[in-house]
Amino acid sequence: MKILIAEDELLARKFLESALEEWGHEVIPTSNGKEAWEKLQEPDAPRLVILDWSMPQMDGVEVCRRIRANNKDSYSYVILLTSRTQQEDIDTAYMEGVDDYLFKPFDEVQLQRRLKVAMRVFDYEDKLANSSHQLGIYATQMEKLAEERGQQLAHAERIATLGMLSAGIAHEINNPTTFIAGNIRILNDFWPMIKDALENKIKDANDPNNRIPFIRDEVPGIINGITNGVQRITKIVNGLKTYARQGEFRTQLCNINDCIEQALTLCTNALKYHVCLEKELDPSLPSIMADPQQIEQVMVNLLINAADALEGQRQGLLKIETWRESSSVRIKVEDNGPGLPPNQIDKIWEPFFTSKAPGKGTGLGLSIIHGIIQNHSGEILAENSETGGARFIVTLPKNIS
């Protein structure tokens, strides 16, 4: 340890210097209080200071007073050398911040005992400082984590709110859709009579620019196109209402292929621009007891995750396959994206864990999926395929009633 000595008596200073160096300490000797104070202002100044009380220019008690007033981050331990033995003097020195006394004349045993006390103080201070530093690190980490979790929870709350609102939005869309569908049916019913009238009009007209034949030929296709569009809107709206429906876990006999088709309808926009879809849905797949809305939610989350992974890829490929086994049905969703980081596969089911860029995901999707499959007494496996993309395999018990 580095130790500063301030002693104006040469023999006493040399004795201290020799003993301390013999014990392995680095000694900085000074002959007066002013010189000692200047040394203590330097970077990496000693923490252990041995001061003679009576010195020219500045006495030891004054040096100690300045040390305490300096408010350094690390503690300086001060041992005062003195021949004064009056209790009044001792009390004065303690009040000015002296830690220990060494009465002159002293021997090496007394000096070593004082040094051991100082070492214990420094050891305790170092441990305390290290604990405070660690607590500071933990506090910063917890503050950052709390901020991130708060943002994620807020985002999750917005998503949940949007889900509840979507049922109302679907209802509002459904009203004009129903009106359009009803009028199209009426027009379609009346079309044979309109067509006959147009045929008679064509026979009576001699104008070569007459557009009635064009109208006669095109209107059926227009009616058919509007009908298909309304059916598609109705299908999407019904799917949105089903996906947004809140309630308890309720099972019923359902076909997993139908759940997948419904999820694909909901995810059309996310998939159609950059994903090539391959389906191998087993037509003989048995119906099982499950909550179809929750199974659709599982499929929607898996499909959206695959779409996100394939974003920016020129030839994104998404494969969906279903098949039956002796006591279960299985679903496989596989893409040819970048795959799952091997060191994160075990963590992807944890709430709020996400490998997506900030703002791209809440880290709740796969956790929700895992919970849904567990509620169905099933299993879900995540792995990387032989080609490197992500592969999810869902196993659900048949439980046919």
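How many bridges join strand β9 to strand β10? Seven bridges link β9 (residues 316-324) with β10 (residues 328-335), and these two strands run antiparallel. Welcome to a protein chain of 401 residues with 10 helices and 12 strands. This is a predicted model, in which local features need pLDDT of at least 70 and side-chain atom pairs count only at pLDDT 80 or more, while totals for chains, interfaces and linings use all residues. Residues are numbered from 1 along each chain as its sequence is written, and side-chain values use heavy atoms, with hydrogens and water left out.

**The chain as a whole**

- Helices (H or I, at least four residues) and strands (E, at least two) are DSSP runs, numbered from the N terminus.
- In the protein chain, 37% of the residues count as buried; buried means under 20% relative accessible area, exposed means over 50%, and partly exposed is in between (1.4 Å probe, protein chains only).
- Among contacts with a separation of 6 or more, 67% come from residues 24 or more positions apart, where a contact means heavy atoms within 4.5 Å.
- The protein chain has an accessible surface of about 23500 Å², and carbon and sulfur atoms hold 52% of that surface; such areas come from the Shrake-Rupley method with a 1.4 Å probe, and for residues only the protein chains shown count as cover.

**The sheet with parallel pairing**

- Strands of a sheet pair through backbone hydrogen bonds, either parallel or antiparallel.
- Here, two strands pair if DSSP finds at least two bridges between them.
- Five strands make an open sheet in the order β2-β1-β3-β4-β5, and the pairing is parallel.
- β2 (26-30) and β5 are the edge strands, each with a single partner, so one side of each has no neighbour in the sheet.
- From one strand to the next, the twist in this sheet averages 20 degrees; for such angles, axes are lines fitted to C-alpha atoms (for helices, over the stretch in contact), and the angles run from 0 to 180 degrees between N-to-C directions.
- β4 (residues 77-82) and β5 (residues 100-103) pair in the parallel sense over four bridges.
- To find this pairing in the structure, look for L81 opposite L102 in β5, and for L80 with its bridge partner Y101 in β5.

**Helices on that sheet**

- β4, helix α4 (residues 87-95) and β5 form a right-handed β-α-β unit; right-handed means that, with the strands pointing away from the viewer, the path from the first strand over the helix to the second runs clockwise.
- Helix α4 lies across β4 and β5, at about 140 degrees to β5.
- Helix α1 (residues 10-22) lies across β1 (2-6), β2, β3 (48-52) and β4, and runs at about 170 degrees to β2.

**The sheet with mixed pairing**

- Another open sheet has five strands in the order β7-β9-β10-β12-β11, with mixed pairing.
- At its edges stand β7 (275-281) and β11 (379-384), each with a single partner strand, so one side of each is left without a neighbour in the sheet.
- The twist in this sheet averages 10 degrees from one strand to the next.
- Between the antiparallel strands β9 and β10, R324 stands opposite V329 in β10.
- Helix α9 (residues 292-310) packs on this sheet and touches β7, β9, β10 and β12 (390-397), with its direction at about 150 degrees to that of β9.

**Cysteines**

- A search of the whole structure finds zero disulfides, a disulfide being a pair of cysteine sulfur atoms within 2.5 Å.
- For C254, the nearest cysteine sulfur is that of C259, 4.5 Å away, and C254 is in no disulfide.
- Is C254 buried or exposed? C254 is buried, because its relative accessible area is 7%.
- C276 counts as partly exposed, because its relative accessibility is 44%.

**Backbone details in the loops**

- K104 and P105 are joined by a cis peptide bond, with omega at about -10 degrees.
- P105 lies in the loop between β5 and α5 (108-204).
- D44 is not a glycine, yet its phi is positive, at about 60 degrees.
- You can find D44 in the loop between α2 (33-40) and β3, and at 61% relative accessibility D44 counts as exposed.
- Q57, also a residue other than glycine, has a positive phi near 70 degrees.
- The loop between β3 and α3 (60-70) holds Q57, which counts as exposed at 62% relative accessibility.
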